[in-house]
Amino acid sequence: MSSAQSLLDSRPVSVAHLFLSRVRATPDLEAYRYPAPADDGAAAGAEQWHSLTWAQTCERVKVIAAGLLALGVRPEERVAISSSTRVEWILADMGVMCAGAAATAVYPSTNADETAYILADSGSRAIFVENAAQLAKVVSHADRLPGLEHAILFDPPADAPPVDGPKVLSLAEFEELGAAYLAEHPDAIEKAVGAIEREHLATLIYTSGTTGRPKGVRLVHDCWSYQGVAQEVSGLLRPDDVQFLWLPLSHVFGKALISGQIKTGHVMAVDGRVDRIITNLPAVRPTVMASAPRIFEKVYNGIASRARAEGGAKYRIFRWAAQVARDYAKAQEKTVAAAGSRRVPLGLSVRHAVADRLVYRKIRAAFGGNLRGSVSGSAALAPDIGYFFAGAGVPVLEGYGLTETSAGCTVNPADDLRVGTVGKPLPGSEVRIADDGEILLRGPGIMRGYHNLPEKTAEVLESDGWFHTGDIGEVDGDGFVRITDRKKDLFKTSGGKYVAPTEIEGRFKAVCPFVSNVLVLGNGRNYCTALIALDETAIMPWAASHGLEGRSYAEVVSSPQVRELIDGFVQRVNGELQRWQTIKKFSVLPRDLDVEHGELTPSLKVKRPVVEREYAEAIEAMYEGSREA
């Protein structure tokens with residue numbers, strides 16, 4: 001038996017067990033960094049990074065767990081968390097686990113109606129809320145939530161909180177309650193953790209589905225324990241890492257990373273403010289970071305746009321360096337696959353060294369200078385962008401998983417990166433391709449079903465443990481998994497030809513540095529069309545240098561100049577496609593898609609039905625006068 005398999009087989013019952021073991025092993029090592037107001041004497045509004053050791057973290061977690069026990073929360077009963085990513089989210093979640101209860105994760109961007117639905121469906125008895133705005137959403141539907149008894153505020157409002165609905169406590173008041181309970185029951189937390197069983201419910205995460213009400217995914221303690229051990233034995237996370245976490249912890253990806261961090265014991269810097277990512281990276285200097293493809297697309301588009309704006313030699317140098325990076329990464333990938341070596345031809349190596357001095361080292365510095373890899377999930381990264389970052393020394397390790405699989409089931413190894421794939425299965429996980437091309441997954445991380453929805457569970461989960469992902473893909477001879485499309489997104493034209501829109505959308509993102517979101521359409525039609533939303537930070541500098549200075553974003557994207565620009569990229573992509581796949585017409589949207597309008601899920605996936613309804617008129621205009629077969 002391999003050492004990796006041995007570690008998996010002997011994994012602890014729960015992450016609560018992992019956590020207490022971690023505290024005993026390294027009590028004085030740094031566990032978390034988080035931004036907070038700077039010390040007295042600093043400028044108003046100034047922040048600095050503060051730290052918690054594992055022992056200090058444990059003190060906070062224990063009083064939170066004890067507070068829940070004092071409120072009468074029993075094993076597997078649900079306690080919700082509605083907050084952006086911050087260290088208090090982690091403390092609350094670990095407190096819930098160490099009390100033997102189960103956390104219900106609620107996106108802070110979820111509207112009041114859906115928040116109430118999730119709290120009611122989960123049967124949550126208490127909720128941690130970030131601030132008065134999150135509390136207001138709960139209170140506004142208090143009549144639908146008779147079982148919700150308490151709300152604990154991370155950031156209390158200046159004035160008195162509303163009195164309707166659950167009893168409100170500040171986090172400080174709640175921790176005082178827990179400290180008093182611990183004084184009377186000093187071994188309460190150890191007893192609560194000792195009573196946890198592998199199959200006890202640990203977390204309910206509601207899928208941010210693109211249609212209908214979200215489904216509560218039941219993830220047990222063993223799912224998270226497996227994730228922690230698998231991330232360590234695969235080499236994804238290391239004890240000496242510094243990880244920067246900004247992903248939403250309400251999402252399964254962020255939550256799984258906490259399990260890996262507790263198992264390895266590395267430092268995690270936590271700040272979910274997306275507008276602070278660029279500022280935080282040089283301060284944190286992470287060795288590893290998880291992200292979504294959209295971040296890398298925006299970074300690449302920003303670099304390309306700045307180089308284009310500078311024009312002349314600088315733009316030529318960037319374009320040359322970008323191609324060298326791609327060639328270098330492809331050469332490395334080829335030699336590793338063939339012979340296990342990372343050697344590349346001498347001439348290419350020399351060009352790469354020159355490009356590194358001119359371009360790449362600046363890119364690495366923007367990421368903090370120490371990044372050995374960034375794990376990417378939730379959507380596909382355009383291969384050209386993946387090769388660019390790999391060649392520049394910031395490899396993006398694409399992985400694959402779903403809420404129903406407690407996040408990652410596959411990931412690219414750093415020493416054998418295959419751009420365009422989602423890597424190999426994590427130790428302990430299995431991948432199988434069904435006869436119709438659907439990807440099936442099996443392993444300890446698979447959910448135990450949808451909450452209160454046995455019929456929906458039966459549709460996707462077989463009795464022998466295989467989970468139907470709804471994705472189409474393939475596994476190559478070396479075991480690397482490639483996703484080709486969502487099963488439900490495949491469509492057939494009126495001419496009977498199948499089209500995989502995700503593939504075409506990925507190609508377009510790879511060639512067009514101005515795109516933010518693109519949807520390829522054509523189900524039942526006699527040709528394909530596209531809705532294209534542009535990245536404001538990329539298109540506005542271009543517009544200013546092409547006779548559109550002073551125009552608003554809406555005026556810019558509706559201009560003939562921009563339409564001609566985008567048409568050039570459309571034609572470039574069309575040249576690589578089969579006739580029936582080509583985009584015959586397109587419409588540039590007046591604004592980008594966003595979560596606020598309901599067009600993107602909180603994890604930034606496009607809700608195709610919503611977008612198609614919103615822009616039905618524009619879609620019909622692209623097919624006006626066409627002959628339907």
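**A. Strands S12 and S13, paired in the parallel sense.** Strand S12 (residues 288–291) and strand S13 (residues 373–376) are joined in parallel over four bridges, and within this pairing Val-288 has Gly-373 of S13 as its bridge partner. The model is a predicted one, in which local features need pLDDT of at least 70 and side-chain atom pairs count only at pLDDT 80 or more, while totals for chains, interfaces and linings use all residues. Residues are numbered from 1 along each chain as its sequence is written, and side-chain values use heavy atoms, with hydrogens and water left out. Strands (E, at least two residues) and helices (H or I, at least four residues) are DSSP runs, numbered from the N terminus, and two strands are said to pair if DSSP finds at least two bridges between them. Strands of a sheet pair through backbone hydrogen bonds, either parallel or antiparallel.

The nine strands follow the order S2-S1-S11-S10-S12-S13-S14-S15-S16, and their pairing is mixed. Strands S2 and S16 (424–425) stand at the edges with a single partner strand each, so one side of each has no neighbour in the sheet. Helix H12 lies across S12, S13 and strand S14 (396–402), and runs at about 100 degrees to S12. Here contact means heavy atoms within 4.5 Å; axes are lines fitted to C-alpha atoms, for helices over the stretch in contact, and angles run from 0 to 180 degrees between N-to-C directions.

C. Pro-425 is found in strand S16 and is partly exposed, with a relative accessible area of 33%; buried means under 20%, exposed means over 50%, and partly exposed lies in between (1.4 Å probe, protein chains only). Leaving aside residues up to four places away in sequence, Pro-425 touches Cys-409, Thr-410, Val-431 and Gly-479. The C-alpha atoms of Pro-425 and His-50, which are 375 residues apart along the chain, are separated by 36 Å.

D. The whole structure holds 34 salt bridges, a salt bridge being a side-chain nitrogen of Lys or Arg within 4 Å of a carboxyl oxygen of Asp or Glu. One of them joins Arg-273 to Glu-47 at 2.8 Å, N to O. Arg-273 lies in the loop between strand S11 (267–270) and helix H11 (277–284), whereas Glu-47 belongs to strand S2 (residues 47–53), so this pair ties together parts that are 226 residues apart in sequence. Arg-273 is partly exposed at 31% relative accessible area, and Glu-47 is partly exposed at 37%. Another salt bridge connects Glu-297 with Lys-509, whose closest N and O atoms are 3.8 Å apart. Because Glu-297 lies in helix H12 (residues 293–310) and Lys-509 in helix H17 (residues 501–511), the pair ties together parts that are 212 residues apart in sequence. Glu-297 is buried, with a relative accessible area of 4%. Salt bridges that share partners also join Glu-47, Asp-271, Arg-273 and Arg-276 into one network.

E. Strand S6 (residues 150–153) pairs with S7 in the parallel sense over four bridges, where Leu-153 has Ser-170 of S7 as its bridge partner.

Strand S23 (residues 515–521) is mostly covered, since seven of its seven residues are buried. S23 and strand S24 (residues 528–534) run antiparallel and are joined by six bridges, with Asn-517 opposite Ala-533 of S24. Six residues lie between the two strands of the hairpin, and in this turn Gly-522 has a positive phi of about 155 degrees.
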